[in-house]
Each structure stands twice: as C-alpha cells, then as structure tokens.
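Thanks for coming. I will go through one structure today, starting with the ligand and then moving to the domains and some helix packing.

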Amino acid sequence: MQQITALKELLQEPKEILITTHHKPDADALGSSLGLAGYLKKKGHVVTVVTPSDYPDFLNWMNGNNEVITYDPNVNDELVRKLINQANVIFCLDFSSLSRINELGPYVQEAPGVKVLVDHHLEPENFAEISFSNTKAAATAELVFELIRDLGDQSLIDVHIGECLYAGIMTDTGSFRHPSTSRNVHLIIAELLHVGVNTSNIHRLIYDSHTETRLRFLGYVLKDKLTVLREFRTAYIAITADELKHYDSKTGDTEGLVNFALSIEGVVFAALIIDRSNAVKMSFRSVGDFSVNDFARKHFQGGGHRNAAGGISYDSLTDTVAKFLQTLPEYKDQLTKDN
Ligand code: 5GP
Ligand code: MN
C-alpha cells in the first residue's frame, strides 16, 4: 500500500521514464515492459523501453515493439547510457538481481533516477527505492496489471496493453498449467478478455510460429541429444555451439526445449545446457518440491523460481555437463523421494 502511494506520488507529474528487463527477454519480460509502457504513455509520460539484448522474433507483434531500444555494446552504448542517466524513473521488470541486465547493471545502479522494481523472482536484491516484489505471482505481467489497477487506472488497460500482459501471463504459467495459476490469474485473464484480447491468436503467434529449421532442430535434439538418468529421475539436453550454427539457431529457438525433457514420465528434474560461445547457459525445470532456484544458485551462479530457474557457467560445455552430473548424487534422496 505504502509502495503504491509512493509510486502514485512519483508519477503525479509527467516524467521521463525508462523501463528495462532481463537479458534475452521472454514474453513476460517484454510483455510486462510494453504493457506498462503503453499505460504510462497514456498517462502523459515520456517512456523508453530498453532491453539488454535482442529477443525472439515471435514477440515482435507486441504493441510498442518498434520503439524498443535493444542494447548492443558495439552500437548504442553511449545512447543507452545517456537514456538511463537522464531518466527520472527507472522501472526494473521481471528480474531480481542487477546481474540479470548484464552491462546495463552498473549503469542502472549508478543512475540518479528513482528505481522501481516489479518482479516475481525469489530472493530479490535490494536495489530499488520502490519495490513490488511478489514471489507468489505467476508473472510480472500479473503484477503490472495489479499495479495499474491499484493506481486506479484499470480503465486505461486497452486491447494493446492487454495483449502484452496476456502473453506474459500465458507463457509464465506454461499456458495456465503451472501451480502458480491461481484464481487471481484467471480473474485477471477474464478482465483481459473483456477488453478484447484475442487469446487464441496470441497463443498461435507465440507457440505456432516455428520456422522449418527450428522444427527440424527440435527433432534432432529430441532424437539424438536427450539423456535420461532414471536413477536420478533427471533428464538433460546439452547442445554445442556447432549444433546451434548448423541449424541456424536464432534467439528463442531453444525456448521450450527443456520442457520436453521434463515431460517424460517419472522425470522430476530437467536441464538444458547450451554452449553460447561466450558462456554456457543453463535452464532448469522441476516438478514438485525440488528447488531448481536453490540448485542454480548453489552450483551455477543463477536463480529464478522453485520450479524454473537458470544459471551460467564459464567452463567448457563438456566440463559444465560433467559438473552438472557430479552434483546429482548429492540430490538423489530429494529427487527420488515420492512427490
Ligand atoms: P529460462 O530457463 O526460461 O531462461 O529461465 C527460467 C527462469 O529463471 C526465469 O524466470 C528467468 O528469469 C530465471 N533465470 C534464467 N537465467 C537466470 C540466471 O542466470 N540467473 C538468475 N538469477 N535467474 C535466471
Ligand atoms: Mn516472469
């Protein structure tokens, strides 16, 4: 409540506002950012959305996408630095640690603007003056909806803003199947339907927009790259930089792969380990009590949610996989207990 009052006060007069979100934005990161941007513009603010990296093409349909500034250290470092420094308010959406915005982290940290965090990740760092952190929320887009509603402006949520928020909630709930899919989520979705959001169209834009090579890549990965470790109720996929190149893999093409590993009957822990050349990036998923947030934090400098988290490794792909496998015996009891 106090936070809402503080935010209301802050946004009383038109401001220069910068919105940023995590590296390699997913639909919740971008959808919550563009949804919030759409609302703030309606309120008369000057709003810029800056992403720390590029993002998948299947998000390009979102309203406001054309005005997003994608940070590239070799192209627009000076411009982005200037924008961050001149902003009166900096919204930090869908991340809980400044390390998640890569090079932008120090810029945001040192910027004079008021920082506002809106996020649902576990164990948030304390870098924002105003914070809406709710680790029980299914998506940051859910929190943005509530924020706008609590500011007394639900009537400003139109179909364009609604589509962005819907995309974030739909993807972060795994199309409304994860345990985070609360009554509140469905009530919000009902409101989004009410303003005219075409939900099946958004589902299609995001999930049924594979290129042929992406689908063939998926076939190859499932046939040749999936390892199932019954003993640990674990499955993992490791992908080399050469394989990515061979299949002309684009940002977003590996999204969802980890869920196939988790979908195997009896498997409770899945990992996707990808050599991104500059580092090895890891995605973890679990069902039940096993906390991939704890796992990622402890072993791979990462974090996230209990059942969905990510991490990073600067060892080679082979060494990273070896390290991953070495950690498993430590968790054997947790992974094999009935849940
Ligand atoms: P994904 O596997 O889809 O990239 O990420 C799963 C969840 O973990 C997301 O909520 C994402 O924001 C978070 N996440 C992914 N990578 C990292 C990381 O390196 N560090 C932290 N703290 N969170 C991550
Ligand atoms: Mn999210």
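A definition before the ligand: Ala, Val, Leu, Ile, Met, Phe, Trp, Tyr, Cys and Pro count as nonpolar, Asp, Glu, Lys and Arg as charged, and the others, Gly among them, as polar. Please also keep in mind that this is a predicted model.

With those classes, the shell around ligand 1 divides into three nonpolar, 10 polar and one charged residue. Which of the 14 residues around ligand 1 come nearest? Those are Ser283, Gly302, Gly303, Gly304 and Gly310. Two elements give two or more residues to this shell, strand E11 (303-304) and strand E12 (308-313). Strand E12 gives the most, with five residues.

Next, the domains. The protein is divided into domain 1, residues 2-207, and domain 2, residues 212-336. Their C-alpha centres lie 27 Å apart. The contact takes 11 residues from domain 1 and nine residues from domain 2. On the side of domain 1 that touches domain 2, there are four nonpolar, three polar and four charged residues. Why does ligand 1 count as lying between the domains? Because domain 1 and domain 2 both give residues to the shell around ligand 1.

Helix H2, residues 27-42, packs with H6 at an angle of about 155°, and the two axes are 8 Å apart. Angles over 145 degrees count as roughly antiparallel, so H2 is roughly antiparallel to H6. The crossing of H2 past H6 is left-handed. On the H2 side the contact is made by Ala27, Asp28, Gly31, Ser32, Leu34, Gly35, Gly38 and Tyr39. On the H6 side it is made by His160, Ile161, Cys164, Leu165, Ala167, Gly168, Thr171 and Asp172. By class, the contact of H2 with H6 has seven nonpolar, seven polar and two charged residues.

The second pair is helix H5 (residues 140-150) with H6, at an angle of about 140° and with axes 7 Å apart. That angle makes H5 oblique to H6. From H5, the residues are Thr140, Ala141, Glu142, Val144 and Phe145, and they meet Leu165, Gly168 and Ile169 in H6. This contact has five nonpolar, two polar and one charged residues.

One detail on H6 to finish: Leu165 and Gly168 are among the residues that contact H2, and Leu165 and Gly168 also meet H5.

Methods
Residues are numbered from 1 along each chain as its sequence is written. Chains are lettered from A and ligands numbered from 1 in the order in which they are written. This is a predicted model: local features need pLDDT of at least 70, side-chain atom pairs count only at pLDDT 80 or more; totals for chains, interfaces and linings use all residues. Axes are lines fitted to C-alpha atoms, for helices over the stretch in contact, and angles run from 0 to 180 degrees between N-to-C directions. Helices (H or I, at least four residues) and strands (E, at least two) are DSSP runs, numbered from the N terminus. Angles under 35 degrees count as roughly parallel, over 145 as roughly antiparallel, 65 to 115 as roughly perpendicular and the rest as oblique. A crossing is left-handed if the near helix is turned anticlockwise from the far one by less than a right angle, and right-handed if clockwise. Two residues are in contact if their C-beta atoms, placed from the backbone, lie within 7 Å. A residue is near a molecule or strand if its C-beta atom, placed from the backbone, lies within 6 Å of it. Domain bounds come from an automatic or database domain assignment.
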